[in-house]
Amino acid sequence: MTDSTGLCPSVPLMGVEEEHFLVDPLTREVVPFAGDVVRKAAEDLGDLVSGELGRYQVETKTPPCGSFGELHGELRRLRTAVEAAAVAVGSRTAAVGAVPLGTPIPMPVSDEPRCVEQLRDYRGLVDEHVICAAHVHVGVPDRERAVLVSNHLRRWLPHLIALSANSPFFCGRDTGYASWRRMMWQRWPVSGPPPYFSSHDAYERLLTALVDSGTLPDRRTLFWDIRLSSRYPTIEVRAADVPVTAEESALLAVLVRALTVTALRAVERGDTGPGLSAELLRAACWRAARDGLRGEAMDPGTGRLSPADGLLPSLLRHIGPALEETGDQETVVALLRRLTATGTGADRQRAVHARRGSLHDVVDALVARSPAVGLR
């Protein structure tokens with residue numbers, strides 16, 4: 001039985017929040033035009049576009065979507081509108097996890113009260129927060145099950161970090177990492193993989209203590225890679241660099257949805273998730289940020305190393321039944337095959353740079369591809 005969208009009632013909806021940099025088309029450096037771009041883009045998009053912590057970035061939010069095609073179309077629509085608004089005020093958009101060129105530090109901060117409060121509390125961390133991510137929301141039936149789903153998703157964070165890696169360059173140099181954004185992000189308090197939780201009550205007790213201690217200014221400012229949304233009935237996965245293309249963002253979302261569906265089925269069987277070592281999981285995420293889909297990957301359960309090109313096949317084996325259930329298997333297999341051939345965003349950036357040694361070329365390629373239909 002299906003509903004009017006063609007989906008089984010048990011298949012959750014999904015949505016994506018994307019952060020984008022604004023860059024000068026001549027210098028290729030970031031520019032603090034977010035206020036003007038958001039005002040212009042909001043004429044078409046309303047509250048689906050907003051500012052971010054810094055004035056170099058804008059954020060878009062898709063409505064909840066049921067299928068890959070619907071979500072891909074929404075992402076393209078949002079990217080196209082924001083790019084048009086950026087051009088209207090003399091800039092361009094670039095979907096990249098960290099700033100390839102220039103000296104953007106200290107970052108000019110939005111004058112929104114929450115942003116001013118974060119600058120007061122976190123100081124130099126805010127000055128250097130020149131990074132852009134993609135956040136995937138997937139609907140869950142209730143918060144109790146969402147916490148247990150988080151326990152299951154922790155195991156797959158290295159896979160998501162590796163396949164979405166899109167920030168090898170930062171301020172004029174190659175960092176040696178596939179995702180430098182990851183390394184900058186995990187300096188924040190309460191960041192990285194979330195703990196294992198026995199229940200929603202345990203989650204709430206820890207969150208209350210973090211807010212009451214002043215470590216977090218409020219419940220919305222939780223820095224874990226996986227969290228329960230404070231505003232929506234969703235679980236939110238925040239581990240990824242913003243992908244180069246809308247197609248890759250949609251791919252990321254359907255993978256996260258399939259992981260969530262797989263986890264929900266396990267929770268229904270009474271499985272509360274593996275109690276992985278926090279140290280091994282953090283180390284596996286670091287390895288994924290450094291090597292992407294090249295080199296070696298670390299198993300967060302055992303610490304053993306294996307070729308990183310095995311990450312995607314192992315992910316597909318795990319979520320295969322869920323992809324069948326959501327109707328995404330054929331699309332996901334084709335796109336992962338293409339991603340393996342073309343490389344991650346980090347691989348493609350380095351390939352552009354290798355041609356002439358020019359980071360201007362890298363930024364130009366990102367600008368050209370950000371609203372693009374698919375992988376190139």
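Buried means under 20% relative accessible area, exposed means over 50%, and partly exposed lies in between (1.4 Å probe, protein chains only). The model is predicted: local features need pLDDT of at least 70, side-chain atom pairs count only at pLDDT 80 or more, and totals for chains, interfaces and linings use all residues. Residues are numbered from 1 along each chain as its sequence is written, and side-chain values use heavy atoms, with hydrogens and water left out.

A search of the whole structure finds 30 salt bridges (a side-chain nitrogen of Lys or Arg within 4 Å of a carboxyl oxygen of Asp or Glu).

- D291 counts as buried because its relative accessibility is 15%.
- R287 is also at 15% relative accessibility, so R287 counts as buried.
- R287 and D291 form a salt bridge, with the closest N and O atoms 3.6 Å apart.
- Both residues lie in helix α10 (residues 278-291), four residues apart, about one turn of the helix.
- Salt bridges with shared partners join R287, R290, D291 and E296 into one network.
- Helices (H or I, at least four residues) and strands (E, at least two) are DSSP runs, numbered from the N terminus.

- E43 pairs with K40 in a salt bridge, and their closest N and O atoms are 3.8 Å apart.
- Helix α1 (residues 34-45) holds both E43 and K40, three residues apart, about one turn of the helix.
- E43 counts as exposed because its relative accessibility is 60%.
- K40 has 38% relative accessibility, so K40 counts as partly exposed.

- E247 forms a salt bridge with R338, the closest N and O atoms being 3.2 Å apart.
- E247 lies in helix α9 (residues 246-268) and R338 in helix α12 (residues 329-342), so the pair ties together parts 91 residues apart in sequence.
- E247 is buried, at 9% relative accessibility.
- R338 is partly exposed, at 36% relative accessible area.

**Packing of α5 on α9**
- Helix α5 (residues 143-153) packs with α9 at an angle of about 115°, their axes 9 Å apart.
- That makes α5 roughly perpendicular to α9 (65 to 115 degrees; under 35 is roughly parallel, over 145 roughly antiparallel, the rest oblique).
- Axes are lines fitted to C-alpha atoms, for helices over the stretch in contact, and angles run from 0 to 180 degrees between N-to-C directions.
- In α5, R145, L148, V149, H152 and L153 meet L259, T260, A263, L264, A266 and V267 of α9 (contact means heavy atoms within 4.5 Å).
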